[in-house]
Amino acid sequence: MNALAATNRNFKLASRILKLDSKLEKSLLIPFREIKVECSIPKDDGTLATYVGFRIQHDNSRGPMKGGIRYHPEVNTDEVNALAQLMTWKTAVANIPYGGAKGGIGCDPSELSNSELERLTRVFTQKIHDLIGVQIDVPAPDMGTGPQTMAWILDEYSKFHGHSPAVVTGKPIELGGSLGRDAATGRGVLFATETLLNEHGKSISGQRFVIQGFGNVGSWAAQLISEKGGKIVAVSDITGAIKNNKGLDIPSLINHSKEHKGVKGFHGGDAIDPNSIFSEECDVLIPAALGGVINRENANDIKAKFIVEAANHPTDPEADEILKKKGVVILPDIFANSGGVTVSYFEWVQNIQGFMWDEEKVNNELKTYMTKGFKDVKEMCKTHDCDLRMGAFTLAVNRVAKATVLRGWEA
């Protein structure tokens, strides 16, 4: 099942639990607006190249739309639709005043020079500048983009609308980016894991963790969890997988990964088959890479008692059912990885106020939001006698549905 089908399925299950009117259900699913633009730029060699840029704006009943811009050669419209919708539910679970959006450009950033990427970003911004904005739609970095991309969007947008640092988040610190943003999703995973374990009378310290994916989110989660006394026993990424039953030395592994562009060849552990990462003995499994990695083929092999979804849609619905029967507790992506968008919200707030916070305040506020978010999800679980995934989805859909009805937008 692809990401869009899985997201729609979860939405419909939540809608049934909440007994939503069919017209309201339909209006909540349909995107607010889909934008497709042609972006032509001169390449460094003088030739002209044309790319397709897009932005899917899903819902704005609770506030401006929010979501990443990705540069990737194979942009799948269904996947982007799913991710835009997922952002609507994610911001609603976190209770931050946004809706969902997603977009990007169909290109391979590795094949473009820095100046070509800048020209492409500026042309894309020129085409959509009147459809994004501080109170309309606030983009952020995603796959293939980063702080520099956001800086170009900010500069180009400001030529039309005056200096507007709050139009994008994930900016360089020098242009109004927030302290703590780089670690935010990983730190959110730490706080989410803490609240989950506390609920079951446990703490991070002494628990054994396996992390699949060692990019920004996985490496930050590993570092922060190990600092709290958690034992990371196995890690994998695109280059390979390593294991050490006594616990991996995470600072050394992070240095090795930066130097060698991956975990492969790290001497502080034994190399293992990356496909066996899910069957390793542990208490907590954290998928922090791609979607659909936990499926019916490997779900029965999972030995973890808890799964914390740091990636988007890592668990297929079929695997969900298998794991539920095994008694595995899954903390869903729309709550577990919402630390990034929550700190993006803090960045937006700081830019609007023109008053920047120190990193301690950012981290404390994030902990407050994640802790409150978990309590809200648990309340919905008790009210509707459902698991954490449905608790999170019913919480999100209920908040968006209420806002839609209050604004008089129901069909």
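Modeller: Two strands pair if DSSP finds at least two bridges between them. Strands (E, at least two residues) and helices (H or I, at least four) are DSSP runs, numbered from the N terminus. The model is predicted: local features need pLDDT of at least 70, side-chain atom pairs count only at pLDDT 80 or more, and totals for chains, interfaces and linings use all residues. Residues are numbered from 1 along each chain as its sequence is written, and side-chain values use heavy atoms, without hydrogens and water.

Colleague: What makes strand S6 and strand S7 a pair?

Modeller: S6 (residues 208-212) and S7 (residues 231-237) run parallel and are joined by 5 bridges. The definition asks for at least two, so they pair. Ile211 has Val235 in S7 as its bridge partner.

Colleague: Which sheet holds them?

Modeller: An open sheet of 7 strands, in the order S9-S8-S7-S6-S10-S11-S12. Its pairing is mixed.

Colleague: What makes S9 and S12 edge strands?

Modeller: S9 (270-272) and S12 each pair on one side only.

Colleague: How do you know that S3 and S5 pair?

Modeller: S3 (residues 65-71) and S5 share 5 bridges, in the parallel sense. Gly67 stands opposite Pro139 in S5.

Colleague: Why is S5 called largely enclosed?

Modeller: Because 4 of its 5 residues (137-141) are buried. Buried means under 20% relative accessible area, exposed over 50%, partly exposed in between (1.4 Å probe, protein chains only).

Colleague: Gly146 is in the loop between S5 and helix H5 (147-161). Is Gly146 buried or exposed?

Modeller: Its relative accessible area is 14%. The cut-off is under 20%, so Gly146 is buried. Its C-alpha is 7.8 Å from that of Lys171, 25 residues apart along the chain.

Colleague: What lines the second largest pocket?

Modeller: 14 residues, with Val328, Val329, Ile330, Asp387 and Leu388 nearest its centre. H9 (317-326), S12 (329-331), H12 (359-384) and H13 (388-406) each give two or more residues to the lining. H12 gives the most, with 3 residues.

Colleague: How are the lining residues split by class?

Modeller: There are 8 nonpolar, 1 polar and 5 charged residues. Ala, Val, Leu, Ile, Met, Phe, Trp, Tyr, Cys and Pro count as nonpolar, Asp, Glu, Lys and Arg as charged, and the others, Gly among them, as polar. Val328 therefore counts as nonpolar and Asp387 as charged.

How values were computed. On a 1 Å grid over the protein atoms alone, a cavity is a set of points where a 1.4 Å probe fits but cannot get out, and a pocket is an open set with protein on both sides within 12 Å along at least five of seven lines; lining residues have an atom within 4 Å of a point.
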